[in-house]
Amino acid sequence: MNKAVIYYSKTGHSKKIAQEVAIELHVHAENVKENPDIGEVDWLFIVGGIYGGASDPHLINYVSSLDGDKIKNAVLITSCLSVKMKQDKIREILVEKGIKVYEEEFICKGNFLVIGLGHPNQREIRDAVRFVRKIMLEKAEQPVKTV
Ligand SMILES: Cc1cc2nc3c(=O)[nH]c(=O)nc-3n(C[C@H](O)[C@H](O)[C@H](O)COP(=O)(O)O)c2cc1C
């Protein structure tokens, strides 16, 4: 089962989360700014922040360039201050490409300037890793819920 972790990060939170998730999955976290070639993937984990209510165009463009025939499933892990915003545009693009997107999206608290300083903390990053571990265990037992 091929797995890949990609991230877009302006201030480092998504990078940190992606790196911990990658350790859990025994892969390398790839920065979309470097336009990584991820090849054929069974499970693609996409970690990104929210800026002005949306995903960054770098990540949107990268995901738009993916070949839907090469990626089976995707999981979204989102970092934002409000803990309410999701990577809606990214999900929409993946679904349009015929990639199955895991229904639940993990949202990790971030910060903006001094608001929310200290987030994501170690516990929150650990929870993101647990979320990924849960999906991988679930996958080993039964077909996953997708939209
Ligand atoms: C320029 C900028 C705009 C942001 N806009 C939002 C926003 O609209 N909603 C929100 O919940 N968080 C917002 N945030 C907070 C970030 O989503 C949060 O800190 C996230 O963890 C950043 O991820 P990163 O460190 O990987 O770039 C913003 C942060 C920055 C720097």
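Visitor: Is histidine 26 buried or exposed?

Guide: Histidine 26 counts as exposed, because it has 7 C-beta neighbours inside 10 Å. The cut-offs: a residue is buried if 20 or more other C-beta atoms lie within 10 Å of its own, exposed if 12 or fewer, and partly exposed in between, with C-beta atoms placed from the backbone. Keep in mind that this is a predicted model: local features need pLDDT of at least 70, side-chain atom pairs count only at pLDDT 80 or more, and totals for chains, interfaces and linings use all residues. Residues are numbered from 1 along each chain as its sequence is written.

Visitor: Where does histidine 26 lie?

Guide: In the loop between helix 1 and strand 2. Helices (H or I, at least four residues) and strands (E, at least two) are DSSP runs, numbered from the N terminus. Histidine 26 has a positive phi of about 60°, although it is not a glycine.

Visitor: Which other residue has a positive phi without being glycine?

Guide: Valine 83, with phi near 55°. Valine 83 is in the loop between strand 4 and helix 3 (88-96), and it counts as partly exposed because it has 14 C-beta neighbours inside 10 Å. Most residues other than glycine have a negative phi, and most peptide bonds are trans.

Visitor: Speaking of peptide bonds, which one is cis?

Guide: The bond from histidine 119 to proline 120 is cis, with omega near -5°. Proline 120 sits in the loop between strand 6 and helix 4.

Visitor: OK, helix 4 then. Which residues are buried there?

Guide: Ala128, Phe131 and Val132 are buried in helix 4. They cover an arc of only 85° around the axis, which puts them on the same side of helix 4; the arc is that of the directions from the helix axis to the C-beta atoms. On the other side of helix 4, exposed residues include Arg123, Arg130 and Lys134.

Visitor: What do the buried ones pack against?

Guide: The buried residues of helix 4 pack against helix 1, strand 3 (41-49), strand 4 and strand 6 (106-109). Contact here has a cut-off: two residues are in contact if their C-beta atoms, placed from the backbone, lie within 7 Å.

Visitor: And lysine 139, where is that found?

Guide: Also in helix 4 (residues 122-141). Lysine 139 is partly exposed, with 15 other C-beta atoms within 10 Å. Lysine 139 and tryptophan 43 are 96 residues apart in sequence and 10 Å apart in space, C-alpha to C-alpha.

Visitor: Switching to helix 1: which residues are buried?

Guide: His13, Ser14, Lys16, Ile17, Ala18, Glu20, Val21 and Ala22. What covers them includes strand 1 (3-8), strand 2 (29-31) and helix 4.
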